[in-house]
Amino acid sequence: MTDAVTDAVTDAVTAALPAVDPIDDLRARESEKWTAYPADVLPLFVAEMDFALAPPIKAALAAALERSDTGYVNIRDLRTAQAFADFAADRWDWRPRVEAMGYATDVSTVVVEGLRRLIAPGEGVVITPPVYPPFWDFIDEAGGAVVEVPMLDDGTDYALDLDGIDRALTAGARAVLLCNPGNPTGTVHSRETLAELSRIVARHGASVISDEIHAPLVHAGATFTPYLTVSDEARDHAIVAASGSKAFNLAGLKTAMFVAESERMAALIHDLPEEVAVRAGLYGFIATREGFSRGRDWLDAAIATVEANLAVLQQQLDDHLPGVRLRRGRATYLAWLDFSALGLGDDPAEWILEHANVALVGGPAFGAPGAGFARLNVACAPEMIVEAVRRIAAALAKRG
Ligand SMILES: Cc1ncc(COP(=O)(O)O)c(C=O)c1O
């Protein structure tokens, strides 16, 4: 970067706050969130943010465009991995070695390519619903068989069912695909839980892929625990999927990282075909590096905005939709809403789209425990949350 750009970036970050783009700018976006539905539908479904990009990311991408820098990534450029490692050290007291990391197109690729090498065809992989819907497809794509061990739900918090996972591994499953922290529940697994999981997995000689894409989005007061820090067993048998794509809204730019600690897992990453890394996007490299290094103020402001929006959502529900329960997680900008008291059936999102013109993700996509639930994205202007609740309440009032 030139000095002028560096200065501009430095100036911008100090003023960084996640502005929500005006609605016309949002409607001009070509991403899925703003093009999947007609203009009269409020799109609060897919996990994209409406916030303006972090200024350092925007400046670095603009500078790259300005120099017509649109070629391939240099997969030997470790600066993006280093930026993540520095972020992990500062935020989570974890210092991954860049030599034991690898690049990939996206987190989905890390999970699928990792699983392919950790299981034999047809072997079971444990997932813990309610969980990110593509997990079923990832396992299928990797040639595995899905083994569902639903999370325990005491009505307030969700937790991993460690006994259930133990039983699934005893019955032959060979890996666990962990969502750490959880999407859609926002569950931030405790160090004790993860350490116990690692002992169970080790006892069975199985493996873990820990999808930590939402880790940078843990809310104030909660502590994220990287799986690779919980025990020697975890370090031996796990790969982490890391990315800036959720934290900095970079999904379209296509960059993620494999992270390992043990020689065994580092070797697995190094033995991947070079093409796995080459398929990452240069703009993803640039943006991820800028986000983890100079986008931290913006990230903190984004998290604060998300938490404020969750409070707005809670207040709106209390005032206008008292039958709907927000299951408040401690990470991500995804609100997990229990509509079951309203009698809208297993998939309330279907009814809500049809009658209230609000697009949510229906709970059943996250597995059987999602029946009666829907997921709502609060990385938007608070006015949109107010409007979504107003529309749903009005539709329900009409239903009588
Ligand atoms: C838990 C989880 N994993 C993976 C992904 C997809 O990530 P990517 O776009 O990097 O493949 C998402 C997207 O929302 C997610 O929530």
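This is a predicted model: local features need pLDDT of at least 70, side-chain atom pairs count only at pLDDT 80 or more; totals for chains, interfaces and linings use all residues.
Where the domains touch, 28 residues of domain 1 and 30 residues of domain 2 are in contact. On the side of domain 1 that touches domain 2, at least two residues each come from helix H1 (3-14), helix H14 (296-320) and strand S12 (334-338). H14 gives the most to this side of domain 1, with three residues. Sorted by class, the side of domain 1 that touches domain 2 holds 17 nonpolar, six polar and five charged residues.

**Two helix pairs**

Two packed helices are described by the angle between their axes and the distance between the axes. The table gives both values for two pairs.

| Helix pair | Axis distance | Crossing angle |
|---|---|---|
| H6 (residues 107-118) and H7 (residues 134-141) | within 8 Å | roughly 40 degrees |
| H4 (residues 55-66) and H13 (residues 282-294) | within 8 Å | roughly 150 degrees |

The axes of H6 and H7 cross at roughly 40 degrees. Because of this angle, H6 is oblique to H7. H6 passes H7 in a right-handed crossing. On the H6 side, the contact is made by Ser 108, Val 111, Val 112 and Leu 115, and on the H7 side by Pro 134, Phe 138, Ile 139 and Glu 141. The residues of this contact of H6 with H7 comprise six nonpolar, one polar and one charged.

For H4 and H13, the axes cross at roughly 150 degrees. Angles over 145 degrees count as roughly antiparallel, so H4 and H13 are roughly antiparallel to each other. The crossing of H4 and H13 is right-handed. By class, the contact of H4 with H13 consists of eight nonpolar, one polar and two charged residues.

**Around the ligand**

The ligand is surrounded by 14 residues, and the closest are Ala 47, Asp 106, Val 107, Ser 108 and Tyr 132. Ser 108 is also one of the H6 residues in the contact with H7. In the shell around the ligand there are seven nonpolar, four polar and three charged residues.

**Backbone features in loops**

Most residues other than glycine have a negative phi, and most peptide bonds are trans. The residues below depart from these patterns in the model.

The peptide bond from Pro 129 to Pro 130 is cis, and its omega is near 0 degrees. Pro 130 belongs to the loop between strand S3 (124-127) and H7. Asn 183 and Pro 184 are likewise joined by a cis peptide bond, with omega about 20 degrees. The place of Pro 184 is the loop that runs between strand S7 (175-179) and helix H9 (191-203).

Asn 249, a residue other than glycine, has a positive phi, near 60 degrees. The loop that holds Asn 249 lies between strand S9 (238-242) and strand S10 (256-259).

Methods:
Residues are numbered from 1 along each chain as its sequence is written. Axes are lines fitted to C-alpha atoms, for helices over the stretch in contact, and angles run from 0 to 180 degrees between N-to-C directions. Helices (H or I, at least four residues) and strands (E, at least two) are DSSP runs, numbered from the N terminus. Angles under 35 degrees count as roughly parallel, over 145 as roughly antiparallel, 65 to 115 as roughly perpendicular and the rest as oblique. A crossing is left-handed if the near helix is turned anticlockwise from the far one by less than a right angle, and right-handed if clockwise. Two residues are in contact if their C-beta atoms, placed from the backbone, lie within 7 Å. Ala, Val, Leu, Ile, Met, Phe, Trp, Tyr, Cys and Pro count as nonpolar, Asp, Glu, Lys and Arg as charged, and the others, Gly among them, as polar. A residue is near a molecule or strand if its C-beta atom, placed from the backbone, lies within 6 Å of it.
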